[in-house]
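I opened this model to look up a few local features. My notes follow.

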Amino acid sequence: MNICDLGDIRLHWRQDGDPDGAPVVFANSLGTDLRLWDKVIPLLPAGFRYIRYDKRGHGLSDCPPGPYAMGALVRDAERLMDALSLRDAVFVGLSIGGMIAQGLAVKRLDLVRALVISNTAAKIGTAEMWQARIAAARAGGLDSLGDSVMERWFSKAFRATPELSAWRNMMVRTPLEGYVGCCAAIAGTDFYSTTAGLTLPTLAIAGSEDGATPPDLVRETADLVKGAEFHLIRDAGHLPCVEAPAAYAERLTQFLHRVGHGAGCGCGAH
């Protein structure tokens, strides 16, 4: 179990693959931890260094008092990558993780050479919507939100499987302060103008059944980035890496090869 002490916060992180390989960094959605990627990592090509972490207030990372600012979440990712000597990474972010990815790419192009923004947008919802979510969470606890969140996250078919209970449990067991702290970060984020200035290779992934960040919203964000690719995974919701891991891994693998990640780094990936 790896804990990175950044002074004011300690973040839990995990490494898979080749420790000398070209880095691929993953950032999770609201209400999940680094296990979000458990089904995808084993399906990705050998020779890469796969890093994932629990953002503040989630998983086994520290949970400081909220509200959080998106700048703090971006800075956490930045400092973690600096601490692990990660440069020129492909950064894969889902939902709030995709917002962190956009903010990090704008701030530190030396850290991020290509971007995968999954089930996310430059702006998600409205400040009023998120404030209502925060109020509901504080009033009734996360369990009171569990069923409605699962409907937005997953397709009807997946919601009929026993596995749904695990994801509902993960979400409702997120520290309340961490959950509402990150809700506040999303509420205060509008990356339209900054993301529109990005020119690095970008892949945007959407799920056809996503009730949280519908495909049109993801496509709109992809259109902000010159030359960005858009890919729709059918019959999957907000977490296609959970519902359709083979399709997700296949598209991510294609992107890693297309951008030449690992080529010439001595990692043996190409």
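**Notebook: exposure, strands, backbone**

I started with A83: its relative accessibility is 47%, so A83 counts as partly exposed (buried is under 20% relative accessible area, exposed over 50%, partly exposed in between, with a 1.4 Å probe and protein chains only). This is a predicted model, where local features need pLDDT of at least 70, side-chain atom pairs count only at pLDDT 80 or more, and totals for chains, interfaces and linings use all residues. Residues are numbered from 1 along each chain as its sequence is written, and side-chain values use heavy atoms, with hydrogens and water left out.

I placed A83 in helix α1, residues 70–83 (helices are DSSP runs of H or I, at least four residues; strands are runs of E, at least two; numbering is from the N terminus). Leaving aside neighbours within four places in sequence, I found A83 in contact with C4 and L6 (heavy atoms within 4.5 Å).

Next, the strands. I saw β1 (residues 2–5) pair with β2 (residues 10–17) in the antiparallel sense, over four bridges (pairing needs at least two DSSP bridges between two strands). I3 has H12 in β2 as its bridge partner. The two strands form a hairpin with four residues between them, and G7 in the turn has a positive phi of about 95°. β2 also runs antiparallel to β4 (residues 48–53), joined by five bridges. There D16 partners Y50.

Then the backbone. Most residues other than glycine have a negative phi, and most peptide bonds are trans. I noted N119, not a glycine, with a positive phi of about 50°. N119 is buried, because its relative accessibility is 0%. D235 has phi near 65°, and is exposed at 59% relative accessible area. Last, I checked G66 to P67: that peptide bond is cis, omega near -5°.
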